[in-house]
Every structure is written in C-alpha cells, then in structure tokens.
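This briefing goes through one structural model topic by topic, beginning with the terms and the provenance of the values. Please keep the sequence and the coordinates in view while reading.

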Amino acid sequence: MTNTELFPPLDSFELVPDFPELAVPDANGIKVTEQPLDWDGPDDKDDPHNWPIWKKVFHSAIPAIYSFGLTTGISTSVAALPFIMRQFQVTREVALLSITLYTLGIIFGPLLCSPFSELYGRRMIYWTNFPMLVTFNAIAAASDSFAVLLAFRFLAGAGGSGVLAVGAGTISDLWDSKDAGRVGLSYILAPFLGPTLGPLIGAYVIGQYDNDWKYAIWVLLMILAPVGLAIILMQETSKSRILYLRARRRGSYLDPQSKRAVMQKLGKAMLKPLHMCLFEVSFFQPCSN
C-alpha cells in the first residue's frame with residue numbers, strides 16, 4: 001500500500017513547506033535563487049508577537065477552555081454510570097467503555113493533528129476538531145443505542161483532541177519566552193482540572209435533570225459553547241502559515257512542494273512516536289534506574 005493510499009491528499013488546503021521559500025524565476029520562468037520567507041522586521045504587524053495584549057489573551061484562552069471542556073468529558077460520565085447500566089442492562093465494566101473509549105480516542109487525535117498543523121497551520125486544527133467534538137458527542141448523547149454511544153464517544157475523543165497537540169504551539173506563537181511560561185500555566189492546568197472537576201459537574205447536572213445520564217454529555221457542549229463562538233474570529237498564529245499566505249497575497253512565486261513528499265512527511269511524523277517507544281533506548285532508560 002502506497003503512502004498516497006494511506007494518507008490521501010487534502011485538496012481543500014494549500015500545502016505549506018516546513019520552511020517557506022520565495023523562488024525567484026528568471027526571464028524564462030526557471031527558478032534561479034531561493035530566499036527564505038521571514039518577517040519584514042521586528043515590528044511586523046502580522047507577527048503574532050506584535051498583536052495587542054487583548055488579542056493575544058483572546059487567542060490564548062481558546063486552547064485553555066477547549067482543553068478543559070475536552071478533558072472534563074472524561075469524567076462527567078462517571079456519575080452517569082448507574083443510569084447507563086439501568087437503561088442498557090449492562091454491567092459496570094461494560095458501561096465503563098463509554099469513558100474508556102473516549103479516553104482512548106484522545107490518544108490518537110494529537111498523533112494525527114500535530115504533523116498536519118505544521119503543514120496547514122494551527123487554525124485549521126481548531127476549525128476541524130471543534131465541529132467533530134461537538135457533533136459526535138451530540139450524537140452519542142441523543143442516541144438510545146449503546147453501540148452508537150460507544151462508537152461516537154470514541155470518535156468524539158479522536159476527532160476533537162487534536163487541539164492538545166497545538167495548544168502549546170499557539171501559546172509560543174503569541175508570547176515571548178519570558179511571558180509564555182506564565183501565560184501557558186492556564187493551558188497546562190486545564191487538562192488536569194477537567195478530569196478533577198468532571199465528576200462534580202456530572203453529578204450536579206444529572207441531579208438537576210431528573211437523573212438523565214445524557215446531560216453528563218450535553219454539559220460538555222455548554223462548556224465548549226464560548227469556544228465555538230471564539231474560533232470563528234480566530235486568526236492564524238503559525239509563522240510559516242502566515243508567511244506563506246502573505247507571500248501568495250503579494251503575488252510571490254513560491255517553491256511548490258509535491259503532495260507525495262508531504263504525505264511521506266506526515267506518515268513519518270505519525271510513526272515517529274511509535275518508533276521512539278519501541279526502539280529508542282533513552283526512552284526506557286529512566287525506567288531502568
């Protein structure tokens with residue numbers, strides 16, 4: 001099976017080289033020199049580091065709230081387990097699959113989205129992951145089939161968790177190193193606060209709605225509602241993507257990158273974590289001590 005079959009090309013998005021270059025053609029249209037794209041200067045208004053403070057805070061809050069809502073979904077269903085068991089006539093171990101599969105899906109989302117964000121920008125990850133997270137969770141909550149509940153909980157976790165891979169990158173795109181640590185604290189805390197507060201949120205909501213377990217999932221959509229409004233106004237923060245799009249607006253001739261090469265890079269990036277786990281000696285060294 002070829003790389004193209006494994007990773008079909010995304011025709012709806014333009015490919016962005018890892019390091020965008022400006023190709024300068026001669027009179028015959030043949031490229032003779034290459035010049036790496038960069039900001040026009042330290043005060044370049046397109047550089048996210050030069051955005052107003054309110055704008056940087058706005059873009060920093062999106063991954064933090066998103067991560068909180070995403071990870072809250074891991075544990076809000078804990079309070080719903082007895083009611084899931086009663087409605088579907090399953091054991092507790094089987095009912096726990098609604099939580100297990102959601103958590104399992106969260107493992108795969110960042111693995112896929114991290115390399116994509118380097119090629120197509122970070123905003124694309126937010127714009128694609130949020131609809132999947134909301135839609136799949138809504139289908140799971142609205143269904144009266146246990147199989148559908150499990151399937152779409154897994155898809156919600158896998159389809160909506162890519163932001164965990166690009167959130168830290170968004171913060172570093174916006175802030176200098178001296179401020180990124182302090183600002184990033186909220187983003188770092190969010191994935192830990194979510195599972196911690198999830199059981200309390202789930203128990204309260206279910207109690208308020210006549211022990212209806214479905215509200216343990218519906219509440220996630222309520223938490224994520226501000227994010228849905230915010231990402232509509234979100235701008236791109238990735239330097240390579242901004243420079244690439246700006247060069248195209250200015251009519252510059254960009255050195256194209258073949259889709260086959262892009263798919264090879266994506267496949268390599270996706271397999272690299274598995275390779276590290278299996279073959280990198282340093283990965284196991286702390287365990288041996």
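Buried means under 20% relative accessible area, exposed means over 50%, and partly exposed covers what lies in between, with a 1.4 Å probe and protein chains only. By that definition, the buried residues of H8 are Val163, Val166, Gly167, Gly169, Thr170, Ile171, Asp173 and Leu174. This is a predicted model, in which local features need pLDDT of at least 70 and side-chain atom pairs count only at pLDDT 80 or more, whereas totals for chains, interfaces and linings use all residues. Residues are numbered from 1 along each chain as its sequence is written, and side-chain values use heavy atoms, with hydrogens and water left out.

**Overall make-up**

- The protein chain comprises 13 helices and two strands, where helices (H or I, at least four residues) and strands (E, at least two) are DSSP runs numbered from the N terminus.
- Of the 289 residues in the protein chain, 43% are buried.
- The protein chain exposes about 15,400 Å², of which carbon and sulfur atoms supply 65%; accessible areas come from the Shrake-Rupley method with a 1.4 Å probe, and for residues only the protein chains shown count as cover.
- Among contacts between residues at least 6 apart in sequence, 79% join residues at least 24 apart, a contact being heavy atoms within 4.5 Å.

**Helix H8**

- Helix H8 covers residues 163-174, and its 12 residues reach 16 Å from the first C-alpha to the last, close to the 16 Å expected at 1.5 Å a residue; the expected span is 1.5 Å times one less than the number of residues.
- The buried residues of H8 pack against helix H2 (53-75), helix H5 (97-120), helix H6 (122-142), helix H7 (146-160) and helix H9 (177-208).

**Salt bridges**

- A salt bridge is a side-chain nitrogen of Lys or Arg within 4 Å of a carboxyl oxygen of Asp or Glu, and by this rule the count comes to six salt bridges.
- Arginine 246 forms a salt bridge with aspartate 44, with the closest N and O atoms 2.8 Å apart. This pair links distant parts of the chain, since arginine 246 is in helix H11 and aspartate 44 is in the loop between strand E2 (31-36) and H2, 202 residues apart. Both arginine 246 and aspartate 44 are buried.
- Lysine 214 and aspartate 144 meet through their side chains in a salt bridge of 2.8 Å, N to O. Lysine 214 lies in the loop between H9 and H10 and aspartate 144 in the loop between H6 and H7, so the pair ties together parts that are 70 residues apart in sequence. Lysine 214 counts as buried because its relative accessibility is 14%, whereas aspartate 144, at 55%, counts as exposed.
- Aspartate 179 forms a salt bridge with arginine 182, the closest N and O atoms being 2.4 Å apart. Because they are three residues apart in helix H9, aspartate 179 and arginine 182 are separated by about one helical turn. Arginine 182 is exposed, with a relative accessible area of 63%.
- Salt bridges that share partners join Asp40, Asp44, Asp46 and Arg246 into one network.

**Glutamate 236**

- Glutamate 236 lies in the loop between helix H10 (215-230) and helix H11 (239-249).
- Glutamate 236 is buried yet has no salt bridge, and the nearest side chain of opposite charge, arginine 123, is 4.6 Å away; for charge, Lys and Arg count as positive and Asp and Glu as negative, while His and the chain ends are not counted.
- Leaving aside neighbours within four places in sequence, glutamate 236 is in contact with Trp51, Tyr120, Gly121, Arg122, Arg123, Arg241 and Ile242.

**Valine 227**

- Valine 227 lies in helix H10 and counts as buried, at 2% relative accessibility.
- The C-alpha atoms of valine 227 and isoleucine 62 are separated by 6.0 Å, although these residues are 165 residues apart along the chain.
- Beyond its neighbours within four places in sequence, valine 227 is in contact with Ile62, Ile65, Tyr66 and Phe130.

**Positive phi values**

- Glutamine 89, in the loop between helix H3 (81-88) and helix H4 (92-95), has a phi near 55°, a positive value in a residue other than glycine; at 67% relative accessibility, glutamine 89 counts as exposed.
- Aspartate 210, in the loop between H9 and H10, has a positive phi of about 55° although it is not a glycine; at 73% relative accessibility, aspartate 210 counts as exposed.
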